[in-house]
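This briefing goes with the sequence and structure shown below. Read each point with the structure in view.

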Amino acid sequence: IPPGGNPNGRVLVTTLSRDHRMAANGRVIAVDLFTPEEAEAYLRAQLDPTSGRASLLARACVTDTTALAATVGYHPLALSVAAATIVTNAMHVDDWIAEFQSGAAMDAAADARDGGGYPHLIGATWRLALAKASEGMPDGLVERTAMVAALQDPDGHPTWLWDRDTVTTWVTGGTALSRRHGVPVVVTRLIDNGILELRGNTWRQGTVAIHQLAARAVRELADAEALAALASVLTNEWLLQVTDPEAPAKGSTLHSNIRPITALQALPDLTRQAATALLRYDSPPSLYVVSNLLAPTFEEFAPYLKQG
């Protein structure tokens, strides 16, 4: 890895490789599955988010916690997703296991590894979490909200996207997006279920993140045409943000949020062209930064940008 501008910086690389030559280039830390004892300790530490006290899962009998850990193969990530789903929805362990094992994803090949080296069962735990988060919400709302995060930077997309009419209209299907203290209720639901994470001190200044494996599970479940339509909406909004004279998008933020869109196989030609161009964009012309003189002109051609 070539040195960057910061000689004291560090790089973390995760890999399935056990090649001994890696030790010559840095410190190697081997990470394995939970042991039964580690899994038990992890589940006993689960807190109730409303009371801050030990959750029902933390107080479950050993038979239940052992069965839960065994069901997900003692995989730390799968166990954390399962625990979050159980605690948030006040589920009994037996009920979670029954729903998990009855899912269509749990077939004879469920223990095989996918292209990223992870057991397919991890994707199944995310899908069950999404299903539980959807209970009591309008049909498809939770899934479409998760799709927005899945097509943006997994480390966090800016919350201003949720103020854009085209985004909220696509997510709701045309109805108003319910909010509480400015935060979309459906986004809060996904945060509570451990699928999304709000990073930052406030909603306005924060970003909405999603685990990369959760994003992959969402994309795998989504309809290809729906993903393409959403990609067009998001690309348009980033294009408009780039030309905003008040707060143009920074190149690094723009690139990290556009890359997941360009990774889609089925994209309309205009969307792919625009997204590819945005990946080449670095910084706004100085005129946009120092003057608002172009604002009226921008308003005149904005409708054409919206058309691609």
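Two strands pair if DSSP finds at least two bridges between them. Helices (H or I, at least four residues) and strands (E, at least two) are DSSP runs, numbered from the N terminus. This is a predicted model, in which local features need pLDDT of at least 70 and side-chain atom pairs count only at pLDDT 80 or more, while totals for chains, interfaces and linings use all residues. Residues are numbered from 1 along each chain as its sequence is written, and side-chain values use heavy atoms, with hydrogens and water left out.

**The sheet**

- Three strands form an open sheet in the order S1-S5-S4, with antiparallel pairing.
- Strand S1 (157-158) and strand S4 (196-199) are at the edges with a single partner strand each, so one side of each has no neighbour in the sheet.
- S1 and S5 are joined in the antiparallel sense over 2 bridges.
- In this pairing, His157 stands opposite Val208 in S5.

**Thr207**

- Thr207 belongs to strand S5 (residues 207-210).
- Its relative accessible area is 25%, so Thr207 is partly exposed (buried means under 20% relative accessible area, exposed over 50%, partly exposed in between, with a 1.4 Å probe and protein chains only).
- Not counting residues up to four places away in sequence, Thr207 touches Asp155, Gly156, His157, Pro158, Thr159, Glu197, Leu198 and Arg199 (contact means heavy atoms within 4.5 Å).
- Thr207 and Pro154 are 53 residues apart in sequence, and their C-alpha atoms are 10.0 Å apart in space.

**The nonpolar core**

- A nonpolar core is a set of buried Ala, Val, Leu, Ile, Met, Phe, Trp, Tyr and Cys residues joined through side-chain atoms within 4.5 Å.
- The largest one has 72 residues, and Leu68, Trp96 and Trp126 touch the most other members.
- Helix H3 (residues 76-88) gives the most to this core, with 8 residues.
- Contacts of Trp126, not counting residues up to four places away in sequence, include Leu77, Val81, Gly194 and His211.
- In soluble globular proteins, nonpolar side chains tend to be buried together.

- Val93, Trp96, Ile97 and Phe100 are the buried residues of helix H4 (residues 93-102).
- Seen down the axis of H4, these residues fall within an arc of 95°, so they line one face of the helix (the arc is that of the directions from the helix axis to the C-beta atoms).
- Thr71 lies in helix H2 (residues 62-71).
- Not counting residues up to four places away in sequence, Thr71 touches Trp96, Ile97, Phe100 and Gln101.
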